[in-house]
Structure formats: C-alpha cells, structure tokens
Amino acid sequence: MSDIEAIQTRILSEIEAAADTAAVEALRIAALGKAGSITAMLKTLGGMSPEERQVQGPAIHGLRERVTAALAARKAVLDAAALDARLAAEAIDMTLPADPGPRGSVHPVSQVMDELAEIFADMGFAVATGPEIEDDWRNFTALNIPETHPARAMHDTFYFPDRDEEGRAMLLRTHTSPVQIRTMMSQEPPIRIIAPGRVYRSDSDATHTPMFHQVEGLVIDRGIHMGHLKWTLETFLKAYFERDDIVLRLRPSYFPFTEPSAEVDVGYKQEKGRRIVGGNGDDEGHAWMELLGSGMVNRRVIANCGLDPDIWQGFAFGVGVDRLAMLKYGMDDLRAFFDGDLRWLAHYGFGALSVPTLSGGVSGGGVSA
C-alpha cells in the first residue's frame, strides 16, 4: 500500500506542476496509456491470489480514478487560463466593416405585386384579398358561368371531396374573381379594388403552371363605361412598363361575367430575341400581342351580388402577374418561377430593401425602406 501511496503522491504532484495541456496529455499517457505505470499495475492483478486481489484491487482502481480526476481538473484549469489570455490579447476593431453575410432577394412575382399595388393605389384602388379555397357558387355561378362551362370540368379545376354547410362543391379558386363577388356582397358602392393572389388550374407547360398568380381589377359606380376601362388600362400599363408609347387594341370577345367583353392587345417588337412592349402593333417591325381580358361587368353578376344593375355599372379586367413579370424582365419560361433555383433568383431577384415608388420608378429602383 505504501508503494501505491508513493506513486499517487508523485503523479499528482507532476500533474499539479504541469505547465500546459501538452504536459497533462503526456502525464496521462505515462500513467494510463497502454504502457502506463498504472495500467501495468492493473495487469498484475491477474497473477495475484484472490486474497491479494481483494486487498490490492480496490487500492489500484482508486489510484486510477484519482489520477483521472486530477488530469481532468488540471486540463480544465489550463484551458480556462489559455482562453483568458487569448481574450486579453485579442481586440475587436469596431471601425472595420461587418461581414456582408447572406443576402436575400425579393422574388419577381412579389416585386410585381408591390409594383401593381403602388400603381393602382395612385389611381384610387384598394387591395382586396380572399380565400384560395372557394365554393363553386362564388367561383362560377355568381359570375354567370353556366353549369356546362368547360372551366367547371374536373380536368380543368381542382375540386375537394368535401362540401360546405350548404352542400356546395369546394375547390381551389381558378381566378381571383371570387374576391370581386365577396367585395360587392359586403361593401356598398362605389368600389375600386384590385385582387391579386394565387390561383389554380390543371395546366402545365412552358407558359402555364398548375398554380400561378393573377391580378384582377373591379370598378363599380354610377355612369361607368368602356372609356373608363380603356383609360385605366392605358394608365396602368404605361406606369408598369415605364413607357409612354404603350398602344392598346381592344378586340371584341366573350366572357360570361362581362358584357361587352374585350381582349386587350399591346403593341410590341422583338429585340435580341426578347419581346419589348411598346409602340403601335401595326407599325413596321411591330406586332400585336394579347395581354389581358376585360369588359363591362355583366348585369347578372351585379344582380347576383344584391346590387341594382340599373343604378350601378362597372368594369373588370384580369391579367397574369407572372406573365407581366416575364414581359418586363425578360424571362422566357414560366416554370422557372417555381423551381426554387437560387441562381435564377440571384439573376432576376430584387434587393430586399428596394421599395417600388412611382416617383423613383417601379422596376426596383425605388427608395430603400
């Protein structure tokens, strides 16, 4: 036992005198390593008699535990001292620029949504929203869309198996027109709103996706006519494309929810493989491109919302937000909007603090918030 006590005294003294963590590690190997002194003592237990092992075993194991604890304690003290010395020697230069870190980008769809809100707010329009899960009455019936209309077919519309409390079929809205219905039923005219948001149709190719973004406009007031519609669209498109040479062509068309209805074409030309909106489509080097649908709100739709069509008239229009972004910023495949490719967003995205303003330009050149 005296030998074990002498060994313990020596090893603990050496540990206490260790100047750094390297010295502590060397002492650990010398005592507890494969060829260490304490390890050798443990190995001798196998050759002892049971009586000797009963006496020597606890003493040797106790020695190992005390040495292990002393090594850990000394290492902790030395580590703390090293950290204190490092902190005392280091200093932070507060005049140095901070690391830029990762930078976020605003998706082009979000950017265009902000641009549209800015433009139409200047024209006296409010932004209205509604649920993306709708009933077929607000999505179809109230909009004068007959039961036999192709848009109601299962292959065009995403239906839910459940129905609402009134037994009406539920679906993912196919346009933001239900927001117009909800607004006319809950708000007294006059009404000026735009309804941006996500819509869903069973369609997918280079220019279509099952989910896309749409903005619709609605005006309900007394004495509204097609001239008001044309002026509104011209003012909107000139501000959005930031050009004064926007020329519109209205072609007679048919939509169940408007009468009369018009497809709206804009003049454009090709430059380096890209469509540039502007100019008269009948001029040399130019052509016409269909951009959006519009018309005077059908009397039946106004009546379905509880308003008197002999008193109130209005116009409505709708256009794809994704398509507006593609035309203005030179994108050629709608599917890339939803791929989640950060390289695409780095190329087409907008600064997170860039806020569109009419005075500063709506194409990302506004003031920072």
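**Overall form and a mostly covered helix**

Among the contacts in the protein chain that join residues at least 6 apart in sequence, 65% are made between residues at least 24 apart. The model is a predicted one, and the mean pLDDT of the protein chain is 89, with 95% of its residues reaching 70 or more. Among the elements of the chain, the highest mean pLDDT, 97, is found for helix 9 (residues 299-304), whereas the lowest, 80, is found for strand 13 (residues 350-351).

In its secondary structure the protein chain contains 11 helices and 13 strands. For the chain as a whole, the radius of gyration is 38 Å, while a compact globule of 369 residues would have a value near 21 Å. Along the principal axes, the C-alpha atoms fill a box of roughly 115 × 55 × 40 Å.

Of the 369 residues in the protein chain, 42% are buried, and the accessible surface of the chain amounts to about 20100 Å², with 54% of this area belonging to carbon and sulfur atoms. The chain carries 36 positive and 52 negative charges, and the mean positions of these two sets lie 3 Å apart.

Helix 10, which spans residues 321-329, is mostly covered, with 8 of its 9 residues buried. After helix 10 comes Gly330, which has a positive phi, near 75°.

Terms used: Residues are numbered from 1 along each chain as its sequence is written. This is a predicted model: local features need pLDDT of at least 70, side-chain atom pairs count only at pLDDT 80 or more; totals for chains, interfaces and linings use all residues. Side-chain values use heavy atoms; hydrogens and water are left out. Helices (H or I, at least four residues) and strands (E, at least two) are DSSP runs, numbered from the N terminus. The radius of gyration is taken over C-alpha atoms; the globule rule is 2.2 Å times the number of residues to the power 0.38. Buried means under 20% relative accessible area, exposed over 50%, partly exposed in between (1.4 Å probe, protein chains only). Contact means heavy atoms within 4.5 Å. Accessible areas come from the Shrake-Rupley method with a 1.4 Å probe; for residues, only the protein chains shown count as cover. Lys and Arg count as positive and Asp and Glu as negative; His and the chain ends are not counted. The place of a charge is taken as NZ of Lys, CZ of Arg, CG of Asp or CD of Glu. pLDDT is the predictor's confidence in each residue, from 0 to 100.
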